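Keep the model open while you read.

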Amino acid sequence: MDEDEFEALAEPWGRLYRACPAATPFQSHAWLSSWWRSYGRPGALRVVLVRDGGRLIAAAPLMRVDRPLPALKPLGGEISDFTDVLLDGACREEAADVLLSGMYALARTALVDFGEVRPGACVETLYERWPGPRRTLRDSPCLELPGLPMDELLKRLPAPRAQRARAKMRKLAALGVESRVVPVDEVETSVRTLLHLHQLQWQGRKVTAEHLQPRFHEHLLRSMRPMVAAGEAVVTEFRLDGEVLAADLTLLSGTLAGGYLYGAHPRLRERKVDVATMLLDACTRHTGGEHPRALSLLRGDEPYKHHWRPEPVHNRRFLLARKRTVPLVCAVAWGASGREWAKRRLRERAARRGGGTPT
């Protein structure tokens with residue numbers, strides 16, 4: 001399959017995405033196709049599709065990589081917090097069996113390597129049924145809050161902490177901070193503003209380097225309009241004294257909301273605005289209702305996230321092989337164990353020096 005063929009799948013892929021209860025925003029067609037245009041390598045696209053008549057009932061968006069080891073990896077790369085395949089919930093078992101057959105055939109000379117798999121993902125079904133060698137590794141830690149409005153989340157906190165949070169929200173109102181959800185036809189302009197504010201916010205401090213790259217900016221500008229139009233994302237702006245001083249991008253699926261990226265002008269810190277409380281309040285407006293969504297704080301176990309008493313959720317990495325490629329499983333597992341050992345040693349060394357825990 002080439003890039004144009006993948007682009008043409010938008011409509012049937014969208015129907016399958018909506019029919020897959022486990023799907024996260026990172027499996028939407030707009031996200032994946034835009035990511036491929038920014039990050040893909042010509043000739044490496046591998047997409048396994050399962051159809052029942054004319055209806056798409058399963059899909060595995062993959063790419064072939066040859067370094068450091070030959071592998072089939074999910075589209076989305078490092079900028080996606082969760083990876084998965086898609087299975088139509090109405091025929092999940094049958095769709096999984098056929099998709100498994102297609103992926104097994106594709107894995108003749110390469111390891112299937114699914115990293116950052118959220119608990120309950122569809123790829124778990126394939127892992128359980130995989131007929132060849134397989135291995136599970138721990139991947140990134142994540143934190144999640146239940147799909148509750150802000151008032152209910154505050155009730156989960158100790159009384160003094162809840163009182164401080166309410167005081168911060170009253171201060172936001174007293175300062176005159178106003179929020180609005182950006183309509184579809186203004187999304188590109190607002191995303192540009194968000195990216196500019198994000199750069200200002202982290203100026204002179206350690207930042208995720210990829211977020212400053214032109215290809216990342218192009219990906220967000222390309223993908224957000226169709227995702228907002230489909231209800232798969234929402235952009236919120238925050239104004240103070242008539243000027244946009246913060247913006248937030250939250251990604252949405254049927255069961256999940258995740259605050260993906262935000263930007264805040266340094267002047268908000270000068271005005272003593274609690275940006276984290278402001279953003280969480282905005283995110284919770286998309287988690288309640290008749291069909292509540294869990295609020296994922298996405299990857300990372302940073303101390304500030306624990307303020308809200310979230311539940312820890314650990315992503316996993318699934319390695320699937322055939323007999324001839326089992327050495328690749330061993331190589332990846334040994335490499336992961338070595339990196340984890342090195343991280344532990346660094347943490348222990350920092351603790352002995354009294355320097356805290358490195359990230």
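## Backbone, strands and helix packing

Asp241 sits in the loop between strand S8 (233-240) and strand S9 (243-252). Although Asp241 is not a glycine, its phi is positive, at about 55°. Before going on, some ground rules: this is a predicted model, in which local features need pLDDT of at least 70 and side-chain atom pairs count only at pLDDT 80 or more, while totals for chains, interfaces and linings use all residues. Residues are numbered from 1 along each chain as its sequence is written, and side-chain values use heavy atoms, with hydrogens and water left out.

What does the protein chain contain in the way of helices and strands? There are twelve helices and twelve strands; these are DSSP runs numbered from the N terminus, with helices (H or I) of at least four residues and strands (E) of at least two. The C-alpha trace spans about 65 × 55 × 40 Å along its principal axes. A compact globule of 359 residues would have a radius of gyration near 21 Å, and the protein chain agrees because it has 21 Å. That radius is taken over C-alpha atoms, and the globule rule is 2.2 Å times the number of residues to the power 0.38.

Now for the strands. Strand S2 (residues 55-65) and strand S3 (residues 71-74) run antiparallel and are joined by four bridges; two strands pair if DSSP finds at least two bridges between them. Five residues make up the hairpin that joins S2 to S3. Pro68 lies in the loop between these two strands, and the peptide bond joining Arg67 and Pro68 is cis, with omega about 0°. Across the pair, Arg64 stands opposite Leu72 in S3. S3 also pairs with strand S5 (residues 111-117), in the parallel sense and over two bridges. Here Leu72 stands opposite Val112 in S5.

On to the helices. Two packed helices are described by the angle between their axes and the distance between the axes. Axes are lines fitted to C-alpha atoms, for helices over the stretch in contact, and angles run from 0 to 180 degrees between N-to-C directions.

| Helix pair | Angle | Axis distance |
|---|---|---|
| H8 (residues 187-201) and H9 (residues 214-229) | roughly 140° | within 9 Å |
| H3 (residues 29-39) and H9 | about 155° | 9 Å |
| H7 (residues 159-175) and H11 (residues 275-283) | about 85° | 10 Å |

The axes of H8 and H9 cross at roughly 140°, which means that H8 is oblique to H9. For the labels, angles under 35 degrees count as roughly parallel, over 145 as roughly antiparallel, 65 to 115 as roughly perpendicular and the rest as oblique. The H8 and H9 crossing is right-handed (the near helix is turned clockwise from the far one by less than a right angle). H8 brings residues including Val187, Val191 and Leu195 to the contact, and H9 brings Phe216, Leu220 and Met224, among others; contact means heavy atoms within 4.5 Å. The contact residues divide into eight nonpolar, one polar and three charged. Nonpolar covers Ala, Val, Leu, Ile, Met, Phe, Trp, Tyr, Cys and Pro; charged covers Asp, Glu, Lys and Arg; the others, Gly among them, are polar.

H9 also packs with H3, at an angle of about 155°, so H3 is roughly antiparallel to H9. Their crossing is right-handed. Among the residues in contact are Trp31 and Trp35 of H3 and Phe216 and Met224 of H9. By class, this contact has nine nonpolar, four polar and four charged residues.

Finally, H7 and H11 pack at about 85°, so H7 is roughly perpendicular to H11. Ala165, Lys168, Met169 and Leu172 in H7 meet Thr277, Met278 and Asp281 in H11, a set that divides into four nonpolar, one polar and two charged.
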